[in-house]
Amino acid sequence: MMDYLKLLTDGLDLDTVLTVLPSTFFTCVLLTVVALPEVISIAFKKQLFDVPDYRKVHTGQVPRLGGVTFLPGIMIAVMIAFGFMAGYPAPDHLVAELMFCAAGAMFLYMTGIADDIAGLSYRVKFPVQIIAAFLLCASGLWIDDLHGILGIHEISPFIGIPLSIVLVVLIINSVNLIDGIDGLASGLCILMTIVFCVMFIRTGMIRFATIAVASLGVLVPFYVYNVYGTSEKRTKIFMGDAGSLTMGYIVAVFAMKTATFAGKYPELKTDQEYSFIYAFAILIVPVLDVLRLFCHRILHKRSPFEADRCHIHHKFLAIGMTIGQARHTIIGLSLAFFLVNIVLVTHVNINILLVMDIVLWTLLH
């Protein structure tokens, strides 16, 4: 039993794991709770608001800088946690993954801040997303096996790396573009980080689980401010691009890590077989929504990055749902797609499962 516990903690002492994960979460919660009111105060002093327009559903003056608290809070808590893990050296490949991913997150975080303050064109943001995705692949995290999709299994780096870059950019944009109503992007990211955290703990990837609980720690208090705050009391704030780009990238990192899990331990080999589905099933709703949007805009001879009111949340609002009902429905759909996929993956061919997801999504619309 003790050997198995050691296996699940990636060689770390179990007491250390049980201490580090909760303390990392609460550290991030505390940092975010302290920082958000200060950010709101600064935003009002500098008049940095998200201006309502025909696409927006909010009224009043709402700051858009909530996301500036995300990456600093995560990095502070994670660095402290890793300090406590210093007695258990990480493998070189894991150190490389963490460093390259941190660099990519910092690129997107700074780009998001610039966009939230001064405004940036997609011609600037899109290349930065590609650079961040390339850094992720440079760390060694890229898709090398499609696990039978279209009958394809192992693939070469010449195919796998470009494919991985496309997937990472797609995931970043799926989180960025679905951030259209209160609590939707943060609620989906909360669900995703919980799912990935559980998978990381089950497969012994405690350092990635630490990053997941840190991400959860900044998202939960932000969700409260975003959903339950009011512009009149100056307690409401949006995450902005600094938050959505950063969280989109972090979620993409989690997905790539899960999808490329190499069956490090024989006892956990059953997880490896279905890890590809586990990685992307929780992302189905936002990813398919952004793919549908891009295809719709291109078919109508418009830029795929042109803003409109065709997102899934706009459709739910158009049929009479409140913002809360739309938010809960979309998050519920995301959870439902995930549960259906992980239940059926052991019984249904991966290609049939993929077709089922696309058909169900199409019928929903």
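Reader: What makes R292 and D289 a salt bridge?
Author: Their closest N and O atoms are 2.8 Å apart, and a salt bridge is a side-chain nitrogen of Lys or Arg within 4 Å of a carboxyl oxygen of Asp or Glu, so R292 and D289 qualify. A word on the ground rules: this is a predicted model, where local features need pLDDT of at least 70 and side-chain atom pairs count only at pLDDT 80 or more, while totals for chains, interfaces and linings use all residues. Residues are numbered from 1 along each chain as its sequence is written, and side-chain values use heavy atoms, with hydrogens and water left out.

Reader: Where do R292 and D289 lie in the fold?
Author: Both belong to helix α11 (residues 284–299), three residues apart, about one turn of the helix. Helices (H or I, at least four residues) and strands (E, at least two) are DSSP runs, numbered from the N terminus. In general, an α-helix has 3.6 residues a turn, so residues three or four places apart point the same way.

Reader: How many salt bridges are there by this rule?
Author: The count comes to five salt bridges. One of them joins the side chains of E97 and K257, at 2.9 Å from N to O. E97 sits in helix α4 (residues 92–117) and K257 in helix α9 (residues 240–259), so this pair ties together parts 160 residues apart in sequence. D115, K125 and D241 are also linked, in a network of salt bridges.

Reader: How do you know that D182 and K236 form a salt bridge, and what does the pair tie together?
Author: Their closest N and O atoms are 2.7 Å apart, which is within the 4 Å limit. D182 lies in the loop between α6 (157–177) and α7 (184–202), and K236 in the loop between α8 (206–228) and α9, so the pair ties together parts 54 residues apart in sequence.

Reader: Why is D182 called buried?
Author: Buried means under 20% relative accessible area, exposed over 50%, and partly exposed in between (1.4 Å probe, protein chains only). D182 has 14% relative accessibility, so it counts as buried. K236 counts as buried too, because its value is 10%. Both E97 and K257 are buried, as are R292 and D289.

Reader: Which residues touch the most other members of the largest nonpolar core?
Author: They are I143, F196, Y249, F280 and L283, in a core of 117 residues. Helix α8 gives the most to this core, with 14 residues. A nonpolar core is a set of buried Ala, Val, Leu, Ile, Met, Phe, Trp, Tyr and Cys residues joined through side-chain atoms within 4.5 Å.
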